[in-house]
Amino acid sequence: MKMSDDIVQAFNDQITLELTADMTYRQLAIEADAQDLSGMAAWLRHQADEEIVHANKFIDHVLDRGSHPRIGTIKAPEIEPGLSPLEIFQAALAHEEKVSEAIRQLYRSCTSAGDIDAIPLLHWFIDEQIEEESTVSDIIGRIQLIDDDGSGLLRLDAELGSRDVESTENGD
Ligand code: FEO
């Protein structure tokens with residue numbers, strides 16, 4: 001099924017938002033690294049890589065359906081320097097919530113346009129967003145439990161730094 005121009009534009013906007021998420025996580029990784037929290041920085045940078053996987057999934061979908069994806073303007077991340085570890089992950093969660101809502105809106109647009117072919121991909125993304133929000137929320141909860149216990153923060157940092165590295169070529 002050929003995509004309508006409006007649906008292609010909606011996908012382009014989502015591609016741009018995923019790449020903006022990539023930049024946001026990269027800046028958050030810098031904020032963590034600037035505080036010598038190298039495990040958190042590695043986790044955040046890996047998350048940035050996953051956002052490229054997400055953008056590629058949308059790009060490939062548009063290409064596979066014979067349309068032409070176009071990347072839009074990627075805004076600089078709105079991240080102030082000097083965020084605490086808690087604020088870093090709260091900023092990550094806020095961005096994930098924005099992405100989740102954009103995907104719900106894309107789903108609404110596709111269903112009202114009768115674009116059934118996009119639905120399986122969007123289901124994958126709806127599940128993915130539930131998982132990503134949950135993972136970041138868990139980290140926020142643990143940082144809140146740690147409070148200002150430096151050794152607890154270092155243990156969490158080490159744990160996050162041991163996250164498995166997946167290829168950016170397939171995010172399945
Ligand atoms: Fe592509 Fe983290 O959402």
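Hello everyone, let me start with one side chain: arginine 26 is partly exposed, with a relative accessible area of 26%. On that scale, buried is under 20%, exposed over 50%, and partly exposed in between, with a 1.4 Å probe and protein chains only.

A word on the source. This is a predicted model, so local features need pLDDT of at least 70 and side-chain atom pairs pLDDT 80 or more, while totals for chains, interfaces and linings use all residues. Residues are numbered from 1 along each chain as its sequence is written, and side-chain values use heavy atoms, without hydrogens or water.

Back to arginine 26. Which residues pair with arginine 26 in salt bridges? One is aspartate 22, where the closest N and O atoms are 2.8 Å apart. (A salt bridge here is a side-chain nitrogen of Lys or Arg within 4 Å of a carboxyl oxygen of Asp or Glu.) Aspartate 22 and arginine 26 are four residues apart in helix H1, residues 5-33, so about one helical turn separates the two. (Helices are DSSP runs of H or I, at least four residues, numbered from the N terminus.) Aspartate 22 is buried, at 5% relative accessibility.

Aspartate 49 also forms a salt bridge with arginine 26, and there the closest N and O atoms are 2.9 Å apart. This pair ties together parts 23 residues apart in sequence, because aspartate 49 lies in helix H2, residues 38-64, and arginine 26 in helix H1. Aspartate 49 is partly exposed, with a relative accessible area of 24%.

Now to the other end of the chain. Glutamate 159 and arginine 142 form a salt bridge, with the closest N and O atoms 2.7 Å apart. Here helix H5 (residues 150-161) holds glutamate 159 and helix H4 (residues 119-146) holds arginine 142, so parts 17 residues apart in sequence are tied together. Both partners are partly exposed: glutamate 159 has a relative accessible area of 40%, and arginine 142 has 35%. As for networks, shared partners join Asp22, Arg26 and Asp49 into one. The structure holds six salt bridges, and I have picked out some of these for today.

Let's turn to the largest pocket. How much space lies in the largest pocket? The figure is about 310 Å³. (Pockets are open sets of points on a 1 Å grid where a 1.4 Å probe fits, with protein on both sides within 12 Å along at least five of seven lines; lining residues have an atom within 4 Å of a point. Points join across faces, edges and corners, and probe spheres on them fill the volume.) Its lining has 14 residues, and the closest to the centre are Thr20, Thr24, Glu78, His95 and Lys98. Helix H1 and helix H3 (85-113) each supply at least two residues of the lining.

Last, some backbone. Most residues other than glycine have a negative phi. Which loop holds aspartate 36? Aspartate 36 is in the loop between H1 and H2, and its phi is positive, about 65°, although it is not a glycine. Aspartate 36 counts as exposed, at 65% relative accessibility. Aspartate 147, in the loop between H4 and H5, has a positive phi as well, near 55°. Aspartate 147 is exposed, with a relative accessible area of 62%.
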